Amino acid sequence: MSRVPQALVLLLLLSQAAAAQAIQYQRPVDTAPQADSIGGGYKVPAVQKPLPRDYWLQVLDVVVLGAAMGVSVWLVLKRRSRKWLTALTIGCLGYFGFYREGCICPIGSLQNVVVALADPKYSIPMVVTATFVLPLVVALYYGRAFCGGVCALGAIQELVVLKPVQVPRRLDRALGLVKYVYLGLAILFAVKPALARDFLICKFDPFVGFFRRTGAPHMLFLGGGLLVLGMFVGRPYCRYLCPYGGLLAWCTRLARRGVTITPDKELDCGLCAEACPYGAIEDMRAVRRDCMYCARCYASCPRERGVAS
Amino acid sequence: MSEDLTRRTVLAVLAGGAAFLVRKANGQIVWQVNAARCINSRLGDTGVEACNLCTTECVVALSAVRAVNEYAKCGRCNICPAYFNISSAVNELGQPSEKLCPRDAIARKPIGKVDPEDPANNFYEYIIDEEKCDGCGKCVLKCKEPLGLGSITLRVRYDRCVNCNECAILRACPQNALVQLPIGQAL
Amino acid sequence: MEYRHVQVIDGKGALHGIAVDSRGQLYAAGDSGIKIFDGAGRLNARWATARPALAVAVAGDGAVYAGELGRIEIFDGAGKLLHTWRDEKLLGRVTAIGFTQDSVLAGDAADRAIRRFDRSGKFLNNIGKDNPVNGLLIPNGVVDFAVDAQGVIYAANPGKHRVERYTPGGELLGHIGRFDGIDPAGFTGCCNPTNVAIRDGIYTTEKAGPRVKAYDFSGKLLAVIATDLFDVNCKNMSIAVGSHGRVYVVDTVKAAILVFEPVTV
């Protein structure tokens with residue numbers, strides 16, 4: 001028998017089979033009893049639609065951020081008071097850390113800003129832009145006031161500094177480059193298309209588990225480990241890992257004001273350099289881009305304390 | 001001098017970038033569960049266990065996902081398979097003796113012309129207490145067609161969700177059932 | 001009693017209701033109209049209805065009644081349209097049709113009631129509406145009933161998990177059935193049985209764990225005819241029982257009619 005009639009028969013049978021496939025069982029729900037059918041004065045209650053946090057509260061967060069940085073600048077540069085700065089640190093840890101649970105933060109916001117710049121379909125609320133820009137603007141004029149007492153991740157590390165050791169300068173420099181690598185990776189993963197996009201900074205935030213009082217065990221261990229390390233090596237995340245810190249360091253280079261060890265007044269006693277846990281004093285001069293605005297140098301200076309003549 | 005210039009340049013760049021972003025800003029984007037993909041509520045996939053990844057994966061301590069009953073679509077049945085555990089023994093009232101929700105989050109009250117004698121003679125409203133519900137999905141699975149009418153679905157609640165950049169539930173969800181939507185559409 | 005599955009008839013399109021006449025011909029109402037199959041499952045005739053047909057019944061004189069949204073269309077055995085009864089309120093969604101000696105009964109799912117008309121189409125009375133819940137409890141959107149030889153109407157009341165008996169005047173005589181999620185003699189889930197047929201016993205179909213069962217008139221379970229032969233997503237499976245006890249059930253997902261025969265021991 002020739003092939004063509006066989007093929008035609010097969011085709012005919014297959015088309016029949018295709019027509020007899022299962023009927024879709026998706027049904028719109030129009031059979032539920034309605035209010036008038038139920039009777040008795042019944043009215044269908046409204047389904048709750050809980051709204052997210054009020055917009056004015058989000059704006060308040062930005063206002064508090066700006067105000068806290070302003071207070072930090074004043075406390076460190078003008079009042080030079082470690083006591084009040086510690087109070088600010090604890091206050092900001094409470095507000096931005098445990099109340100807001102570490103989110104949104106300027107460190108993570110850099111990813112959102114990068115995505116918004118790269119992806120035309122992605123946009124961010126104004127408060128996120130403000131959260132990103134404000135600490136950088138302050139850094140342009142006064143240095144890393146954000147790091148000093150305002151950043152929640154910095155605050156938690158700041159409060160565990162016990163017996164800081166001075167990290168050898170070369171090692172400190174080398175490790176300091178790691179944060180630029182992290183910055184590069186964070187930007188790289190942020191500019192990927194939507195499905196491949198990864199928000200690294202949020203994923204590897206070591207302290208958010210403490211703020212939320214719950215988290216993946218490995219991240220809690222990492223955070224705990226960094227805090228233990230932070231007792232002896234001052235603020236390891238801030239100095240070596242924080243990608244936003246990389247941006248702040250760049251902006252601080254252009255700051256006219258900041259923590260200064262005044263050359264003609266210094267005693268050359270070197271107590272400030274010993275007191276600084278962050279290696280921000282070299283050759284008796286403040287290295288502004290590393291300065292974490294902790295005011296320990298002022299606290300340890302005999303002139304500041306009014307001891308020396 | 002040149003430092004001033006550079007600072008002003010950086011400021012200008014920041015301001016320009018900020019202006020660009022602000023002009024683009026158009027309202028909040030939030031996460032929502034896509035019921036057409038969620039295995040607890042989409043048709044097909046019979047014989048599955050209730051998926052509780054929404055409960056276990058959410059970064060918030062008590063998950064931001066809740067079971068929500070769309071009242072207008074509910075059958076108001078006496079023997080609700082989402083309220084009762086219909087595989088449990090029948091009690092003297094002719095109802096199953098056990099409730100399904102492990103946290104006892106569903107309450108019911110008779111509506112319409114209430115017959116106090118015979119429970120089978122009434123319509124019932126089923127109300128889910130969002131303080132108790134943890135989004136485990138057991139009731140959602142039982143409400144799914146054909147057993148129920150599919151009025152209960154899992155939904156993200158925005159007074160609890162912290163709106164992560166990358167939803168931890170989505171990362172774990174085998175059906176990719178979490179989507180980002182403008183707040184107006186998501187509610 | 002045991003049943004065995006003998007045949008699957010391909011419905012050739014979405015099916016909603018079936019009926020069987022005294023000659024063993026199978027009438028199927030579906031989205032594309034009415035189809036008539038013979039005893040062996042061959043398609044004998046088909047015709048379109050004005051709207052998707054949700055129910056079908058054959059009167060003693062051979063007239064074919066098709067229930068649709070808002071109307072009942074009456075055809076002769078060859079498919080010629082004889083009458084149309086239109087009433088958006090009384091015939092909102094006709095999902096079952098039955099006959100007593102002198103009247104035509106139509107199950108209206110939109111109002112959760114059974115309507116009784118005389119043979120000319122004049123409305124006589126409602127059945128099943130005289131209760132606190134304003135009708136039968138029908139979350140599934142289908143009212144189904146059957147009429148026995150004495151004119152007693154057996155209506156499925158799925159929300160109450162029972163089959164209720166009414167007089168044609170609307171008086172409730174009694175019921176069989178109860179909820180039970182474990183015992184197969186009971187009706188499981190939220191609302192079962194969805195459909196019912198009468199011959200020498202009461203035959204019911206259920207959804208969600210689709211199954212077909214037979215009871216005697218006192219409510220004792222006689223047989224579980226089938227449980228796992230249907231697509232699990234079936235709902236509102238129409239049932240008809242022919243002479244010789246043959247049971248015809250619609251698989252609404254696969255759009256097929258499954259045929260079962262009692263096994264004579």
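Here are some numbered notes on this predicted model, going from the overall confidence to local details.

1. **Confidence.** For chain C, the mean pLDDT is 92, and 100% of its residues reach 70 or more.

2. **Chain A overall.** Chain A is built from 15 helices and two strands. It has 309 residues, of which 39% count as buried. Among its contacts with a separation of 6 or more, 74% are between residues 24 or more positions apart.

3. **Where chain A meets chain B.** Here 41 residues of chain A are in contact with 44 residues of chain B. On the chain A side, α5 (106-118) and α6 (126-142) each supply at least two residues. The largest share comes from α6(A), with six residues. By class, this side of chain A has 27 nonpolar, eight polar and six charged residues.

4. **Where chain B meets chain C.** This contact takes 25 residues from chain B and 21 residues from chain C. The side of chain B that touches chain C divides into 14 nonpolar, nine polar and two charged residues.

5. **Helix α4 of chain A: its buried face.** Leu93(A) is also one of the buried residues of this helix, together with Leu85(A), Leu88(A), Thr89(A), Cys92(A), Phe96(A) and Gly97(A). What covers these buried residues includes α3 (55-79), α7 (152-158) and α10 (208-212) of chain A.

6. Two backbone details here deserve a look. A cis peptide bond then joins Cys103(A) and Ile104(A), with omega about 5°. Ile104(A) belongs to the loop between α4 and α5 of chain A.

7. **Val191 of chain A.** This residue is found in the loop between α8 (169-190) and α9 (200-203). Val191(A) has 15 other C-beta atoms within 10 Å, so it is classed as partly exposed. Setting aside neighbours within four places in sequence, Val191(A) is in contact with Val114(A) and Ala118(A). For a sense of scale, Val191(A) and Arg289(A) are 98 residues apart in sequence and 27 Å apart in space, C-alpha to C-alpha.

8. **Arg213 of chain A.** Phi is positive here, near 60°, in a residue other than glycine. Arg213(A) sits in the loop between α10 and α11 (217-230) of chain A. It counts as exposed because it has 9 C-beta neighbours inside 10 Å, and the cut-off for exposed is 12 or fewer.

9. **Arg112 of chain C.** Another arginine to view is Arg112(C), whose phi is near 60°, again a positive value in a residue other than glycine. Arg112(C) lies in the loop between β11 (103-108) and β12 (113-118) of chain C. With 24 C-beta neighbours inside 10 Å, Arg112(C) counts as buried, because 20 or more are needed for that class.

10. **A hairpin in chain C.** Strand β8 (residues 71-75) and strand β9 (residues 81-86) of chain C run antiparallel and are joined by five bridges. In this pairing, Arg71(C) stands opposite Arg86(C) in β9(C). The hairpin has five residues between the strands, and Gly79(C) takes a positive phi near 105°.

11. **A cis proline in chain C.** Finally, the peptide bond from Asn192(C) to Pro193(C) is cis, with omega near 0°. Pro193(C) is found in the loop between β17 (172-176) and β18 (195-198) of chain C.

Key:
Residues numbered from 1 in each chain as written. Chains lettered and ligands numbered in written order. Predicted model: local features only at pLDDT ≥ 70, side-chain atom pairs only at ≥ 80, totals over all residues. pLDDT = per-residue confidence, 0-100. Helix = DSSP H or I, 4+ residues; strand = E, 2+ residues; numbered from the N terminus. Contact = placed C-beta atoms within 7 Å. Nonpolar A, V, L, I, M, F, W, Y, C, P; charged D, E, K, R; others polar. Pairing = 2+ DSSP bridges.
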